[in-house]
Amino acid sequence: MSDANAAPEDATAAEPKPVRSTHDVNAMPPLGRAIPLGIQHVLAMFVSNVAVPIIIANAADLSEAKTTLMIQAAMFVAGVATLIQSLGIGRIGARLPIVMGTSFGFVPILIPIAVGMGVPAALGAALCGGIAMAVVGLLLPWFRFLFPPVVTGTFVIMIGVLLMPVAFSHVGGGFGVSDFGAPRHLLMAAVVLVVTLGMHQFGRGIWSEIAPLAGLLLGYVVALLMGAVDFASVGEAEWFSLPVPLAIGIEFKLAAILPIVLLSLVTCAESIGDIVGTTAGGLNREPTQRELSGGVMADGLCSVFAAIFNAYPQISFSQNVGVVALTGVVSRYVVAIGGTFLMLAGLFPKLGGVVSSIPDAVLGGAVLIMFGMIASAGIKMLSGIDFNKRNMVIIGLSLSAAIGLPAQEELFATYSENVRAIIESGLIPGALIAIVLNLVLPHDRESVGESA
């Protein structure tokens, strides 16, 4: 393993290196190279990030003004959280190329809370959930034994596999569109897919690294020519607007807090999986305890910050883990530039409107590759373990639960809505099974060393 990929003993002391490499986590490439690579990360996650406040606002029947405020908050908060996660503040932040954004995992629980108790109660519960995640991150060094390679590698595979149906929904034109699967959607996705793959495999240097960006831009041009781009959000957006803390309000109701805190604790497994996926896919190593602890603490504290600024829980975005694995660009300063762009989109809503005008099908062609690369990174992680009967049972049962349960909702249809939301995620039951089986199954003689 090269020095560029080695984990620093004291990550807090790492300063940007005056080198041109994008394959060193602490390297600062020239701006002419770093800016398009940073924007590439933003394009990969932008629509998913703003979709959460739109969905919850529509369900809670918020006014157009409050909905716009929450969309703006989602962009601004994601930018701040990405800067904290990638650059770090003290012990907070993984200092890895990780992009933060609004978590979709909380939506099934936040919607009934927002509808039944009000959006302020949902934000109050999200704040408490963030505190719970931060505490887990603080204590994570004492619980690292729960996450050996067989568990973390399985996490990463689950994340990639569970996101694949989402990628194909984008390819078809997006959730709920009337012409889902229409030829025009498939054509736009195919253009992005072919251009991205071609440049990634046959391009050299920067041309290979910006393959997803090039695919998205060309796909956007095709969408423009086909009349598939809606500029309504650009015209309606303001030129400049400052985010206002507590504009929606915050209320603390125990019935809302309990399910969100429970889900927050389990969601830490997803955060760990994304951190492991980033280091495995981009740096070819396991994350350090400092990176894991700081990363999960950042998720939690940024979720607290998000609730204060009228946004929902923040977590690392898996599609950007796929970007790192696909491009091999691991400079955290590249991601910090993306975070800065997100902040600006929150301050200049018209800029955000332009990005949000990208059709779902165009995004689908890119994320289809990225999500597959996440699963590939998980397989790569598992290649270093012993495939004995113990480990194969852990992998097999965890994947069975993660993939099978969401496909058979009738099995748990009689449970409460909160319990259904946890099971339907697939990742949560799969992650719990992997952790529990790793603890209770006896070790073969050959596998004792790897569980340490």
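How much of the accessible surface of the chain belongs to carbon and sulfur atoms? In this predicted model, the accessible surface comes to about 17900 Å². Carbon and sulfur atoms account for 69% of that area.

The chain holds 18 helices and two strands. Its C-alpha trace spans about 65 × 55 × 45 Å along the principal axes. The radius of gyration is 21 Å. A compact globule of 452 residues would have a value near 22 Å, so the chain agrees with that expectation. Of the 452 residues, 58% count as buried. Contacts were also examined by their separation in sequence. Among those with a separation of 6 or more, 82% join residues 24 or more positions apart.

The charges of the chain comprise 19 positive and 27 negative ones. The mean position of the positive charges lies 7 Å from the mean position of the negative charges.

Aromatic pairs were searched for across the whole structure, and three were found. One of them joins F76 and F309. F76 belongs to helix α2, which covers residues 64-87. F309 sits in the loop between α11 (289-308) and β2 (314-316). The pair therefore ties together parts that are 233 residues apart in sequence. Both F76 and F309 are buried.

L110 has a relative accessibility of 0% and so counts as buried. Which residues does L110 touch, leaving aside those up to four places away in sequence? The partners are I56, A122, I260, Y312 and P313. L110 and A125 are 15 residues apart in sequence. In space, 8.8 Å separates the C-alpha atoms of L110 and A125.

Methods:
Residues are numbered from 1 along each chain as its sequence is written. This is a predicted model: local features need pLDDT of at least 70, side-chain atom pairs count only at pLDDT 80 or more; totals for chains, interfaces and linings use all residues. Side-chain values use heavy atoms; hydrogens and water are left out. Helices (H or I, at least four residues) and strands (E, at least two) are DSSP runs, numbered from the N terminus. The radius of gyration is taken over C-alpha atoms; the globule rule is 2.2 Å times the number of residues to the power 0.38. Buried means under 20% relative accessible area, exposed over 50%, partly exposed in between (1.4 Å probe, protein chains only). Contact means heavy atoms within 4.5 Å. Accessible areas come from the Shrake-Rupley method with a 1.4 Å probe; for residues, only the protein chains shown count as cover. Lys and Arg count as positive and Asp and Glu as negative; His and the chain ends are not counted. The place of a charge is taken as NZ of Lys, CZ of Arg, CG of Asp or CD of Glu. Rings of Phe, Tyr and Trp (its six-membered ring) pair if their centres lie within 6.5 Å; planes under 30 degrees apart count as stacked, over 60 as edge-to-face and the rest as tilted.
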